[in-house]
Every structure is written in structure tokens, then in C-alpha cells.
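Have the structure open and follow along.

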Amino acid sequence: MAEYVSPEGLRLDGRRPNDLRRVVCRLGQFRNCDGSAYVEHGNTKVLVVVYGPHEVSAGGIALHDRALIRTEFSTATFSTQERKFRPKGDKKSTELEVLLSRTFAEAIITDLYPRSQIDIFVQVLQSDGGEAVAAINAATLAVIDAGVAMRDYVVACSVGCIDGVNVLDLNRTEMGARGPELTIAILPKTDRIVTTTMESRIHTDQFKGLLDLALVGCGSVYAALREAVVSRTEGLAATSVGIK
């Protein structure tokens with residue numbers, strides 16, 4: 001049986017149990033959309049573009065009191081060692097699209113944009129576990145880049161229990177241990193949880209430990225997202241001054 005956490009408390013990739021993978025964030029990757037962002041969680045790499053608010057697309061149903069949030073999740077065929085023949089439209093992609101729509105319906109102030117539509121397109125460029133987490137975090141930055149009003153950032157993180165040890169931010173190898181895995185997304189100003197997914201049943205006492213660790217991880221991710229937004233804002237301000 002593979003040993004995922006050594007007696008010295010080190011994981012296979014050298015991290016401690018409460019260590020995140022390296023987080024890289026960049027906003028404003030494209031000009032032909034309203035907002036975009038690129039996020040890396042270790043070797044998982046995700047790109048998100050946002051269009052809107054705009055008129056509801058043909059065939060869509062306009063909501064008279066709020067914006068319609070439409071999401072599309074796809075995975076590049078080259079994102080894993082095993083070639084994917086259905087990069088979008090499979091069961092997992094559909095489930096993640098529903099998850100993203102519900103999550104951002106809680107965060108975006110949709111009643112400011114009645115009878116309009118906001119499109120969030122997610123593309124996984126490289127997959128090494130935590131795709132939903134990276135998608136939510138990248139979408140948060142892309143929505144901010146688009147100038148869409150939000151109640152707060154949406155910050156996501158995952159935790160799991162491997163070899164009896166709670167570990168933060170599982171990669172694909174660690175997911176192979178098939179232990180309990182919890183993914184949450186929160187609004188960090190209030191620690192309000194807007195999304196929770198659990199891969200298996202666990203005892204209530206064990207859940208509390210996983211949740212506490214996930215909240216700590218979300219705090220670290222939040223700091224990285226805020227730093228990226230500040231950097232982007234300062235860059236735009238400097239460009240504006242230079243133009244003047």
C-alpha cells in the first residue's frame with residue numbers, strides 16, 4: 001500500500017499536511033472579453049473568461065429581477081496524460097457547471113443587472129486535482145476583472161483525510177487514496193460557506209477537523225487572490241497615468 005504521508009509528516013510532493021500547493025494568479029489575460037483570469041494550483045492550471053452583463057442570448061429566459069448566470073466548463077484534451085475525447089458535456093463537466101452557477105449566484109449582486117446575462121467560461125488547461133477549486137478561484141478573479149459587482153470574493157479550497165491525517169489541497173495522486181474529501185467555497189469577509197461538496201460519508205467529529213483546515217486554506221487563497229487584484233489595479237492605474 002502506498003504511503004501518502006511519511007512518519008516525518010511529509011507528503012509525496014514534500015508538503016506538510018497543512019501546506020497549499022503554489023498558487024499563481026493573473027488577471028486580464030485577454031482583450032476580446034469583459035474579464036479574464038488565469039490561476040494555477042500546483043500543476044492544475046485553469047483559464048476563465050467572462051462576458052457580460054449583456055442581453056440574454058437567443059433561446060435564453062430573461063429574469064425580470066436579476067441577471068441570469070450561465071457557465072460552461074471544459075477540459076482541454078491535452079490536460080491529462082490520458083487523452084480526453086469528451087472535453088465538455090460529460091457528467092462531471094455538467095455537475096461543475098451547476099456548482100459554478102449556484103456559487104456565483106450567491107456572490108454576484110445579480111439584482112443590479114435585471115433581464116441580462118453573465119457568461120462564465122472555464123477551461124482546464126492542465127489537470128492535477130482540485131479542478132473545481134481552481135475554477136472557482138479563477139472565476140472570481142475574472143468576474144472582478146469584468147467589473148461585475150460582487151458581495152465579496154468567492155474563495156475555494158479542498159481538504160482530505162489520508163492515512164488518518166487531514167491534508168490540505170489534494171493533488172491527483174493523493175486523490176487516488178480515495179479518502180474523504182471536502183471542498184468548500186466561502187465569502188471570506190464573513191466566512192459564510194456558499195458551496196460544500198463531500199465525496200464520502202464521515203463522522204461529525206472528523207468533519208469539523210476537515211472544515212477547520214479548509215477555512216485556514218481559504219484564508220491563504222484569499223490573500224493570494226487579493227494580491228493579484230491589487231497588482232492588476234496598480235498596473236492599470238500606472239498605465240492610465242502614463243497615458244495622461
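Leaving aside neighbours within four places in sequence, Gly-130 is in contact (heavy atoms within 4.5 Å) with Arg-21, Thr-44, Leu-170 and Met-175. Keep in mind that this is a predicted model, where local features need pLDDT of at least 70 and side-chain atom pairs count only at pLDDT 80 or more, while totals for chains, interfaces and linings use all residues. Residues are numbered from 1 along each chain as its sequence is written, and side-chain values use heavy atoms, with hydrogens and water left out.

**Around Gly-130**
- You'll find Gly-130 in the loop between β5 (116-126) and α2.
- Gly-130 counts as buried because its relative accessibility is 11%; buried means under 20% relative accessible area, exposed over 50%, and partly exposed in between (1.4 Å probe, protein chains only).
- Ala-156 sits 26 residues away along the chain, and its C-alpha is 9.7 Å from that of Gly-130.

**Helix α2**
- Helix α2 covers residues 131-145, and its 15 residues reach 21 Å from first C-alpha to last.
- That is close to the 21 Å expected at 1.5 Å a residue, a span worked out as 1.5 Å times one less than the number of residues.
- Most of α2 is covered, with 14 of its 15 residues buried.
- After α2 comes Gly-147, which has a positive phi near 80 degrees.

**Around Ala-185**
- Ala-185 belongs to strand β8, residues 181-187.
- With 0% relative accessibility, Ala-185 counts as buried.
- Not counting residues up to four places away in sequence, Ala-185 touches several residues, including Ile-136, Val-154, Ala-156 and Val-194.
- Leu-215 is 30 residues from Ala-185 in sequence, yet their C-alpha atoms are 9.0 Å apart.

**The whole chain**
- The protein chain has 4 helices and 9 strands; these are DSSP runs numbered from the N terminus (helices: H or I, at least four residues; strands: E, at least two).
- Read along the sequence, the pattern goes β-β-β-β-α-β-α-β-β-α-β-β-α.
- Of the 244 residues, 48% count as buried.
- Looking at contacts with a separation of 6 or more, 68% are between residues 24 or more positions apart.
- Along its principal axes, the C-alpha trace spans about 60 × 45 × 40 Å.
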